[in-house]
Amino acid sequence: MKAVNFWKTLFCAALAVTAFTACSDDDDNGYSGMPEITVNGGESVTLAGKLEGGKIDQTVEVVSKGDWTLKFDNAGDSQWVTPSTMSGKTGTTQLTFTLGQASAERTANLTLTASSTFEGIPITKTATIKIVQSNSDVPTGNALYSENCGTKVEKDGSYWPYVDKFEGWTRGGSLDQKAVTYGGSDASVRNSGALYEPTESEKSEVSGAPYVYIGKTTAKFEIENINVGTNNNFTFTFTALDQEKYSGTPVFAEINASTIKFAVSVDGGTTYSPVAFTAKKIATGGWYLCTAEFKFPASVSTDKISVRFSDYPFTGSNVDGHQGLRLDDFKLYEGGNGPELGEAPAIEYKKATISQITAAGNYQIDDAVVIANYQRGFLMQDATGIMQVYQYDKELMPTPTVPSVGKKYTIKGVASSYGGLWQIGPTDLILENESTGTVPTPTLVTLDAAGMDALFAAPVIKYVKYTGELTIDGDYYNVNVNGATTVGSISYPNPGVVDANLNGKGVDVEGWFIGATGGKYFTTLGVKVTENSTVVSGEFTTQPTIFTATNPEAQMLNFTANAAAGAVTFELAGTNASMFAYSDVTATSVKVNAIGNNTSGVAYAATLKLKAADGTVLDQVELKQAAESSGNDTKGTYTSMSQFISNGASTANPAGLDDSKANGKDASGFKIGTSSKVGSFTSGAVGVTGTKKLGFYAVAWKGKNGAALTLKVNGGGSASQTSFTLTANDGATGNPPFVNLTPSDDTDYYIVELTDLTAASTITFETTTASNGRAVVFGVQLF
């Protein structure tokens, strides 16, 4: 028997415990050292195969130090699982598996053992492989990470909490997930009504409220720092519910590749790689189970990943649009058959004619002829029908190259429903096999108001003609058709289709109806737009400013009207119509005024309508009179200001202000605070709604750099106030102290965007530091 040195053996055993190279007098298998073995870079891996059997696509990479053998934990499983080999040597081996056919789900567990010997003592290291044969889209077993959005959420005031503020996350899973954080933008956690809850048949997959809610195109939801351990191959699942409209009850949309984008980051959220997912309707309700598979490239070494949901195509449409997406039940499993991150998955396109496309998916349409185009895409026609191809995407195709009319292609792309019609979108769009086709002459359908509304309600692509008054506003070309509840919208016309000189005039629009969008827009691919002088048209070319609460001054409003309108008339309408008057009507102007002082405490509002001789309403403007302002500035104002100046400026350039009201001793301004007391000034009700910009000059008293000024809406609150640190005016400290301030000085000019205003909203300027509190505000405008 060979003699053994005790101290040498003890020393080598210690090295073995710490995973250093062991000492050995023998080298029975050609490897000298501690045995090691990994499967796909980790200690275990899960493979999934279908019940139909056959070879599993995924390959297991076995890396070993020391010879290894494979053994079934249950010997009987070898009857339906066939490995490509049962053993291997030191180095790298690609191991594959073939499954027999099955009628029900089953699982096999296999152990790989790498071994070497020292002084005749065998030393081993193991790894495991789990094989699940099932037709399920989701791996079985415990998830590495899971999140069901908790069981309770409460509003913060009147708003649901954003995802980064919600405190009810659960952070579950087989691995420690305490480090997981949640973030993004415009994504919240909320409850929903019973109509959005999972049905009984869906509750096995959907846990129910709360949910992550996404209702904006700009919204992002991110789950960061998910612990993945030593794994590098994954399946991520989530449940989703997309509402497309509300018709007495929510109407839910199909979940597909265009509903939301899913991406994965392996560098702490710095960069994200898109990952495709499949969606399967769970049961009888509107919830879908979505599954994404992916694995790390060989170059990636990390134990943390982040995932992102983004690019929800919110339209707000009540006709097959996207009104709100709910996400829930996020889970990450070990194993899957997905591509490496950054690797574009192979796309399978199903051959179809246009008329056969009635569901979302990837399609190939042969012999499609371009029959019309515009700046965002084109219409294609085959022997069975017509469909739009929408090419624009702010990231994929910000400036699409639109093919010429008459070209013929094989077109591959992703079909989705939009505006009540099926269309091919820009994602994975391919145009190939270009040739020349024949463009058939379309049948023109002339529509009156009722015809437009009927086609809007039951959308079909048609070549149409309608007549109305054209309004051009930037990229928007809207046509108001007398008597129609819908509005014609010429979508991004090609150059030369619409003459800018037609703005405000009657026109005939000829083109293709391509969708009912936004709840009212009769979206049209314009082919020809010509003037129609028989259409009555007219508009106000001057917009009124807000009348002051006391001593309101009359304003002259200019307007235009074409000959077809005849002698125009005016009408005051609305709850406060009796508080306003009009007079001195000419062919191009009318005088308007508030009748007296407004001491009611609320703003007055009315509508002034411009009408053609036949009673057609050509245009209308809103007349508003402010309520009285209040303040406790402790010393009064140098020049009183009963209401903000609203001169309609729409630029951030201070030079665009009305200088007569924005500089020197004639400035409409006010001082807030004294040398020892803070002060405030509160406007009356602003009388406007929605999102507006507030521009104003503000300076501190001479020598008082750093004076703090706070702007509040409706009394303030964390989401509705903004603070500023003011610079001291360099002018004299006389009456007023800002006589030498130049109104074009950008340093002292501020613009703040105010959102969700109502007619009753008030705006407060307030100083917040008593010892440094004197501030002067002037040149205020709301636009």
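Which are the buried residues of helix 2 (residues 449-457)? Before that is answered, a word on the model is needed. This is a predicted model, in which local features need pLDDT of at least 70 and side-chain atom pairs count only at pLDDT 80 or more, while totals for chains, interfaces and linings use all residues. Residues are numbered from 1 along each chain as its sequence is written, and side-chain values use heavy atoms, with hydrogens and water left out.

The pLDDT, the predictor's confidence in each residue on a scale from 0 to 100, averages 83 over the protein chain, and 84% of the residues score at least 70.

In helix 2, the buried residues are Ala449, Met452, Leu455 and Phe456. Seen down the helix axis, these residues fall within an arc of 135°, so they line one face of the helix; the arc is that of the directions from the helix axis to the C-beta atoms. An α-helix has 3.6 residues a turn, so residues three or four places apart point the same way. Buried means under 20% relative accessible area, exposed means over 50%, and partly exposed lies in between, with a 1.4 Å probe and protein chains only. The face of helix 2 turned away from the buried side carries the exposed residues Ala450 and Ala457, whereas the cover over the buried residues includes strand 33 (462-473), strand 35 (487-490), strand 36 (506-517) and strand 37 (521-531). Helices (H or I, at least four residues) and strands (E, at least two) are DSSP runs, numbered from the N terminus. At the start of helix 2, a side-chain oxygen of Asp448 comes to within 3.3 Å of the backbone nitrogen of Ala450.

Strand 1 runs antiparallel to strand 4 (residues 60-65), to which four bridges join it, and Thr38 stands opposite Val63 of strand 4. Two strands count as paired if DSSP finds at least two bridges between them.

An open sheet of five strands has the order 2-11-10-5-7, with mixed pairing. Strand 2 (44-49) and strand 7 (87-88) stand at its edges, each with a single partner strand, so one side of each is left without a neighbour in the sheet. Strand 2 pairs with strand 11 (residues 121-133) in the parallel sense over six bridges, and the bridge partner of Gly49 in strand 11 is Gln133.

Asn227, in strand 16 (residues 220-227), is buried, with a relative accessible area of 15%, and its side chain reaches the backbone oxygen of Asp176 at 3.1 Å. Beyond four places in sequence, the contacts of Asn227 are Leu175, Asp176, Gln177, Asp303 and Lys304. Glu539, in strand 38 (residues 538-540), is partly exposed at 26% relative accessibility, and the residues that Glu539 touches beyond four places in sequence include Gly504, Asn558 and Asp619.

As for cysteines, Cys149 and Cys290 are each buried at 0% relative accessibility. A search of the whole structure finds zero disulfides, a disulfide being a pair of cysteine sulfur atoms within 2.5 Å.

How values were computed. Contact = heavy atoms within 4.5 Å. Polar contact = N/O pair within 3.5 Å; in protein donor to acceptor, adjacent residues only side chain to side chain.
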